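Subject: Structure for your review

Dear colleague,

Please find below the structure that I am handing over to you.

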Amino acid sequence: MINIKIDSRKVIPGDTFVAIKGTTVDGHDYIDKAIENGANKIVVDHEVECSVEKIIVDDTNKWLTDYISENYSKEVNELNLIAVTGTNGKTTTAYLTYQILNKLGTKTAYIGTIGFYLPDEDFIEIPNTTPNILDLYDLILTAKEHGCKNVMMEVSSHALHQNRVKGLNYKVAAFTNLTQDHLDYHKTMENYLEAKKLILKQLEGTMLVNADDPCADSWINSYANTKTYGLNGEDYKVMNYYDTEHGTYIKFIANGNEYEVETNLRSTFNVYNYLTSLSLINNLGYSIEDIIKVTPDIYPPKGRCEQIKVKEGEAVVDYAHTPDAVEKIIKAFSENKKGKIITIVGCGGDRDPKKRPIMGRIAAENSDYVIFTSDNPRTEDPELIMKDILAGVDTNNYEVELDRRKAIVKALDMINKNDVVLILGKGHEDYQILGHEKVHLDDAEEVKKYINSL
């Protein structure tokens, strides 16, 4: 493993400690602790008194990025690195790809929003969709030690813009879609798109592009080796699809041949997620016939359209936390609804406030009833977040319950025959961020507690 650390608590004898200035913590404050734990060298951005060798640089984060990529990129690029980027669908697409490749007998690891998974489903939680460069390289090397041939990665716009994936060469990559999110960071949708497109500079093979996304032409015009998928896809064209009792039937054309498959995933957006995954794997050299054979054995990840039977209806736990994702999942369950759609949704604190009224409007207009609640308020006042959300709502089919646990119970109490409660925003997360603290809260767990109390 790499003998460099940026967390003093993880330092072992012989390590180099790099003092990174973060948004809330400065690594320079933990130099003594790092040395106490065994660091024999430190990298800093100003003169400090210490008992070990020190390297003074202008920017410790840049030094770390350059050092890791220069010294370890050759080794990590011996694996097939596969990337998916886009606003929505990254996690499901990546997790399906991870499952399929392992079912096909090729050891594959996954790195993304729901953590780090090795082929045997061993799991390590990670703090970001795409970790910092040190942790990322460390995880890839761990995958290599476990005999993996492939690493399937979700690659965020932040990671691309901040050089967290510097030095990685992707064998194949996919773009899912671009909808409003992260404008607190990128400021404009144009900047957001250009950050995503930085992945093209690190791509060795084919770029798979969702032909039905308005940004498709921008990708196609920017990279020669592009293939498209979707209803308007030229290379993987969806001809028909519909919901079945347990998933979705899809008919599509690829490589001049017509194929049919039934997945264990419901709704339109999962048609795209599955096809993205299939096209990635096909472009790694696996046949579509073989991919279809193992499809009955794959499932969506936790918190991604996770359906739980409640009384004579059901609850659906999903990570949808952008206007587009919220609209798509509500509409997906509205298409063939036999009862009411009751939606629980909120917006995160310290994040893009512009999307809050949009999400409020979408939820109210497309649901029969909405309970607006908290979703990781962080350091913002939940009441003020709610004020932003309600600014977009001009209907009266809603109520506000800031306590998320109470909101879930209220919604489940409302379930009558064939009703669906959509619990949106947190998905796999098992916590609520209040201030700077994580407090345990798992939406699916709350639903199961409710069922057990009946």
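The notes below concern aromatic side chains.

Please bear in mind that this is a predicted model. A search of the whole structure gives 11 aromatic pairs. One of them joins tyrosine 95 and tyrosine 110 in an edge-to-face arrangement, with 6.1 Å centre to centre and 90° between the planes. Tyrosine 95 belongs to helix 3 (residues 90-103) and tyrosine 110 to strand 6 (residues 108-112), so this pair ties together parts that are 15 residues apart in sequence. Tyrosine 95 is buried, its relative accessible area being 9%. Tyrosine 110 is buried as well, at 0% relative accessibility.

A further pair is formed by tyrosine 98 and tyrosine 117; here the arrangement is tilted, with 6.0 Å centre to centre and 55° between the planes. Because tyrosine 98 lies in helix 3 and tyrosine 117 in strand 7 (residues 115-117), the pair ties together parts that are 19 residues apart in sequence. Tyrosine 98 has a relative accessible area of 1% and is buried. For tyrosine 117 the value is 13%, and this residue also counts as buried, the cut-off being under 20%.

Ring pairs link Tyr95, Tyr98, Tyr110 and Tyr117 into a cluster.

Finally, there is a charge placed over a ring: lysine 438 lies over the face of tyrosine 431, at 4.2 Å from the ring centre.

With kind regards

Notes: Residues are numbered from 1 along each chain as its sequence is written. This is a predicted model: local features need pLDDT of at least 70, side-chain atom pairs count only at pLDDT 80 or more; totals for chains, interfaces and linings use all residues. Side-chain values use heavy atoms; hydrogens and water are left out. Rings of Phe, Tyr and Trp (its six-membered ring) pair if their centres lie within 6.5 Å; planes under 30 degrees apart count as stacked, over 60 as edge-to-face and the rest as tilted. Helices (H or I, at least four residues) and strands (E, at least two) are DSSP runs, numbered from the N terminus. Buried means under 20% relative accessible area, exposed over 50%, partly exposed in between (1.4 Å probe, protein chains only). A charge sits over a ring if NZ of Lys or CZ of Arg is within 6 Å of the ring centre and within 35 degrees of the ring normal.
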